[in-house]
Amino acid sequence: MKSPIIKPKADHRPLQVNDRDKRILKAVADYRILSTEQIFHLLFPSINRARKRLYQLWQHRLLNRIIRPVRMGEGSAAFLYALSAKGKALLEGERKGPSKLTRHRQYSTSFSEHSICINDFRLCLDLACRKSGKPIIERWKQGRDIKIRVPAFQKTGMKETVLVPDAYFELKVKEKKFAFFLEIDRGTADLGRIKSKASAYLSLWHNKSLITKLDIQSFRVLFVTSGQKRLRNMLDSLKTFPPSFSRPDIIYMTDFSQYSLYKPESMLKPIWKTYCRDGIELMTSLIPSGPPSKLPTAPGKPPVC
């Protein structure tokens, strides 16, 4: 199939859409909103080439461009990109069968920044999995696609809590799957709200019939927050749960500084903090390595894991 040629406005040259352009549009459609830097790490060898091509795609109205505000002294404004009606039409022409593409026209600053943080996590995880060659990301869902009603204990008694995770995904290693809920905390929510969310997840974990309905055997909850101090306060809140919440170790916490698009491989390393049942703080990785085998081994041979 030949690459389509997009006819521009009178003051622009025609644009021949190549395979990478289509991958850009598909990525933006999948992630909903992406920054220039994120698209560069995903698809380009250099940031300058990314900027130039994204500018051309925006000129020809295949992408919408949103100005990402910055604080005074932090440099010039950056751009975010979302799929345009024209870009959506081009992709739908490439697809076979019904399309699930959506176009998002309006973005508030808070929504955009929160989405960028979610996408940073997802991109880093994707790049880390590609480099390691072991886990495979499966069933990624995010936003209002996930809504779980959980009967949870509160001060006034049992009440139904509605959980809307920032994302749900599974990592597959060989034939085993590991399920995760993701919560991004930019430091703006009250700590009481964070604790309530953690409590609801613990209630969900103990509700085996509800987990079965969700087609999940077990899961972990990932909280990523804005800094070390905030992380410490959130971790300390786990200690205050009553003994009935017997599995605080299903909640993993870290902060944004522990991974980035420039060091995505750290995502799969033990950067996650949690508490085991006896209250001891632990560092762990997303995929457990498992304890060493206690089986005896021959002299000079390592233990079997």
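The structure described here is a predicted model. Asp 21 belongs to helix α1, which spans residues 19-31. Leaving aside residues up to four places away in sequence, Asp 21 is in contact with Gln 16, Arg 53 and Leu 57.

Confidence in the prediction is given by an average pLDDT of 83 for the chain, with 79% of the residues scoring at least 70. Over residues 291-305 the pLDDT stays under 50. For this segment the model has eight contacts beyond four places in sequence.

Arg 144 is located in the loop that lies between β6 (136-142) and β7 (148-154). The C-alpha atoms of Arg 144 and Ala 167 are 9.2 Å apart in space, with a separation of 23 residues in sequence.

Helix α8 comprises residues 228-238, and its buried residues are Arg 230, Leu 231, Met 234, Leu 235, Ser 237 and Leu 238. These residues lie on the same side of α8, because the arc they cover around the axis is only 155 degrees. An α-helix has 3.6 residues a turn, so residues three or four places apart point the same way. The packing partners of the buried residues of α8 include one helix element, α6 (191-206). Strands β11 (220-225), β12 (251-255), β13 (272-275) and β14 (281-284) are also packed against by these buried residues.

The second largest pocket has a volume of about 500 Å³. Its lining consists of 21 residues, of which Lys 176, Lys 177, Phe 178, Ala 179 and Ser 218 are the closest to the pocket centre. Two or more lining residues are given by each of the elements β9 (167-173) and β10 (176-184). Strand β10 supplies the largest share of the lining, with five residues. Sorted by class, the lining of this pocket holds 10 nonpolar, five polar and six charged residues.

Technical notes
Residues are numbered from 1 along each chain as its sequence is written. This is a predicted model: local features need pLDDT of at least 70, side-chain atom pairs count only at pLDDT 80 or more; totals for chains, interfaces and linings use all residues. Side-chain values use heavy atoms; hydrogens and water are left out. pLDDT is the predictor's confidence in each residue, from 0 to 100. Contact means heavy atoms within 4.5 Å. On a 1 Å grid over the protein atoms alone, a cavity is a set of points where a 1.4 Å probe fits but cannot get out, and a pocket is an open set with protein on both sides within 12 Å along at least five of seven lines; lining residues have an atom within 4 Å of a point. Grid points are joined across faces, edges and corners, and a volume is the space filled by probe spheres set on the points. Helices (H or I, at least four residues) and strands (E, at least two) are DSSP runs, numbered from the N terminus. Ala, Val, Leu, Ile, Met, Phe, Trp, Tyr, Cys and Pro count as nonpolar, Asp, Glu, Lys and Arg as charged, and the others, Gly among them, as polar. Buried means under 20% relative accessible area, exposed over 50%, partly exposed in between (1.4 Å probe, protein chains only). The arc is that of the directions from the helix axis to the C-beta atoms.
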